[in-house]
Amino acid sequence: VSAINGIGTSVASSESTSITTPTIPDAPTSLVATTVDTASIELNWTLPASDGNSIIQSCSMQNDATGSFAQIDTVSGTATTFTHSGLSDATNFNYQVIAINNVGSSAPSNQDSAWTLPNAPVGLTANAVSSADTLELEWTQPTGTVTEYKIQRALFGASNWSTSQTVSFGVACSGATCTVDDTGLSSGTQFQFRVIAVNLGGDSAESNVASNWTVNDAPTQLAVTLDPNNSSESYLSWTSPSGTTTGFQIERETPVGGGWLTIESDTGLVNILTDTGLTLSTDYNYRISSINLGGISVASAPVSITTLSPPDPPTDITFDLQKVSSDLRVQVSWTEPSNLSTGTLSGYMVERNDGTGWSITANTGTTPSLIDTDIQRGVNLSLIHISEPTR
């Protein structure tokens, strides 16, 4: 500063200390966006290296959800963190931060983005299928972007969950429904499941828990036998599979190739069955399936039988009319059939016709002869002899 009077101007004073006029602050740095949950993202940044010689009044957080960056909120000039809440699930959000002092706004910070987590899948069910090592899982796709699903499995009632498989969204889902087969399971066993949705933000919460039984393996060693003296029954026996079984379904096919008929829908916990009402000289097929709370297994390999046939008729029938005292009698004899059709001979049925119709002696025993004492004089007799094994 110089002083001035009528004569002139003095020399200048000594110089003052210097000052710098304020300007906008530097940009914040090291912005990081971090996923919190399905509706929140946390922002963290470092304050500007220079406040532009004017105290930073606030920081403005911005994102480009509308197509261009717009302010979503502000915090005090000393804050370095902010949680953005109320967001859509499974959605990507991009952010920047601007520092503000009394002069104006800084340039934007670096940009960073993060995804909100997907919601948990809902409506999970576990469905039994015919394959004894597989359960089908089905659930409703959550909203928002999902890249894959984690399938978690444990034995029913256990808490040691493990991820059995990870499957991409495109493979699992069609429309609003997602379906995955979980394979390699033990037959006749109860399992529980839960599903986790995954995107670039991380894992969702677990879905509801669903459980079911795998169907059992088919029974083994099915055997079908016939009693050689009972042509109308067959006898079935089998070995139960190793898994949990509540009963068995028995099917019969006759004529062979004519379609299967269920003759026992659920036998309960037995390993034998008698099938009755069969027809002579007929082919039958049998097969058997296991039943448990998961459903009905595939059927065993079919086993075939042919029911027995009646014997051939006796041959060489002869009879001798005899008189004993004043009584007449007939000695009837015949030759045993050459073919008894695997049965055991139990006797003969003899029919006699005296002109008034046929009368029957139901079972004469196994001796190939009969003495008929009920003979009337002057009657023409006809006789038929039929061998009959016990059936």
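This is a predicted model: local features need pLDDT of at least 70, side-chain atom pairs count only at pLDDT 80 or more; totals for chains, interfaces and linings use all residues.
Cys173 and Cys178 are both buried. The angle about the S-S bond is 95°, and the link between Cys173 and Cys178 is right-handed. How many disulfides does a search of the whole structure find? One.

Cys59 is another cysteine to look at. Buried or exposed? Cys59 counts as buried because its relative accessibility is 0%, and the cut-off for buried is under 20%.

Next, the nonpolar cores. The largest one has 19 residues, and the members that touch the most others are Leu124, Leu137, Trp139, Tyr149, Ile151, Ala172 and Phe193. Which elements give two or more residues to this core? They are β8, residues 122–128; β9, 135–140; β10, 148–155; β13, 177–182; and β14, 190–199. Of these, β14 supplies the largest share, four residues. Apart from this core lies another, of 17 residues, including Leu43, Leu87, Ala99 and Ala114.

Back to the largest core, and to one of its residues, Ile151. Leaving out residues up to four places away in sequence, Ile151 touches Leu137 and Trp139, then Ser162, Thr163, Ser164 and Gln165, then Val180 and Asp182, and finally Phe193, Arg194 and Val195.

Trp139 and Tyr149 pair edge-to-face, at 5.1 Å centre to centre and with 65° between the planes. Trp139 is in strand β9 and Tyr149 in strand β10, so this pair ties together parts ten residues apart in sequence.

Which strands hold them? Trp238 lies in β18, residues 230–239, and Phe248 in β19, residues 247–253, so here too the pair ties together parts that are ten residues apart in sequence. Trp238 is buried, because its relative accessible area is 6% and buried means under 20%. Phe248 is buried as well, with a relative accessible area of 1%.

That is what I have for today.

Terms used:
Residues are numbered from 1 along each chain as its sequence is written. Side-chain values use heavy atoms; hydrogens and water are left out. A nonpolar core is a set of buried Ala, Val, Leu, Ile, Met, Phe, Trp, Tyr and Cys residues joined through side-chain atoms within 4.5 Å. Buried means under 20% relative accessible area, exposed over 50%, partly exposed in between (1.4 Å probe, protein chains only). Contact means heavy atoms within 4.5 Å. A disulfide is a pair of cysteine sulfur atoms within 2.5 Å. Rings of Phe, Tyr and Trp (its six-membered ring) pair if their centres lie within 6.5 Å; planes under 30 degrees apart count as stacked, over 60 as edge-to-face and the rest as tilted.
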